[in-house]
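We will go from stop to stop, picking a few residues each time.

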Amino acid sequence: MNIKPPTAYMGWRCLPANMAHSKAATLELPTIESGKFDIYLIQEPYLINGQVAGLPLGWRTVLEENGSALIAVSNPQLVLLTRWISRYIVAVEVSDVEQSVIVVSVYFPPSRPKDRAVRELDMVLDQIPCTHILVGGDVNTRALCGTGHPMSSESGRGAAAC
């Protein structure tokens with residue numbers, strides 16, 4: 001499971017992670033040692049018959065039908081409104097009594113041309129008017145960390161954080 005450090009955004013705890021279609025990884029989401037999260041931006045979750053398996057029943061989820069991207073909200077105080085679903089992108093509006101944020105989960109497979117993927121994400125963001133936005137995902141690309149040298153394999157897996 002590719003877990004990123006916890007992120008607090010607008011007071012909500014968010015976790016971006018690629019589950020690599022792993023049952024074990026998906027089952028671990030509710031019990032991650034770093035604490036409970038409000039919003040999960042998940043790529044490649046474990047599915048059974050097209051449904052996410054292993055998440056608590058009380059969580060609200062928005063899933064791209066082929067399982068590439070998912071947003072799950074565990075905090076019952078947050079309101080969730082689906083704003084966009086396409087092959088590699090899921091966008092929802094998450095709000096409470098004080099604020100509203102567009103949350104986007106993206107998955108760009110290693111084989112997909114990155115310029116096309118970025119254009120699609122730009123188009124989605126242009127379609128959704130918002131003041132606050134949070135994008136998390138797995139874009140399977142290389143990181144250039146100041147040296148101009150890729151810090152990952154040819155497929156983009158294992159890209160280093162700069």
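Start by selecting Ala25, which sits in helix H1; helices here are DSSP runs of H or I with at least four residues, strands are E runs of at least two, and both are numbered from the N terminus. Before going further, note that this is a predicted model, in which local features need pLDDT of at least 70 and side-chain atom pairs count only at pLDDT 80 or more, while totals for chains, interfaces and linings use all residues. Residues are numbered from 1 along each chain as its sequence is written, and side-chain values use heavy atoms, leaving out hydrogens and water.

Ala25 has a relative accessible area of 6% and is therefore buried (under 20%; exposed is over 50%, partly exposed in between, with a 1.4 Å probe and protein chains only).

Thr26 is buried, at 1% relative accessibility. Show its contacts (heavy atoms within 4.5 Å): leaving aside residues up to four places away in sequence, Thr26 touches Met19, Pro45, Tyr46, Val52, Ala53 and Leu55.

Now for the rings. Select Phe37, Tyr40 and Trp59, which form one aromatic cluster. Rings of Phe, Tyr and Trp (its six-membered ring) pair if their centres lie within 6.5 Å; planes under 30 degrees apart count as stacked, over 60 as edge-to-face and the rest as tilted. The count comes to two aromatic pairs. Phe37 and Tyr40 have ring centres 5.8 Å apart and planes at 75°, so this pair is edge-to-face. Tyr40 and Trp59 are stacked, with 4.5 Å between centres and 25° between planes. Tyr40 is in strand S4 (residues 39–43) and Trp59 in the loop between strand S6 (51–52) and S7, so the pair ties together parts 19 residues apart in sequence.

Move on to strands S7 (residues 60–63) and S8 (residues 69–73), which run antiparallel and are joined by four bridges (strands pair if DSSP finds at least two bridges between them). Leu63 has Leu70 as its bridge partner in S8. Five residues separate the strands of this hairpin, and Gly67 in the turn has a positive phi of about 85°.

Finish at helix H2: which of its residues are buried? Select Ala117, Glu120, Leu121 and Val124. What covers these buried residues includes strands S9 (79–85), S10 (89–95), S11 (100–107) and S12 (133–138).
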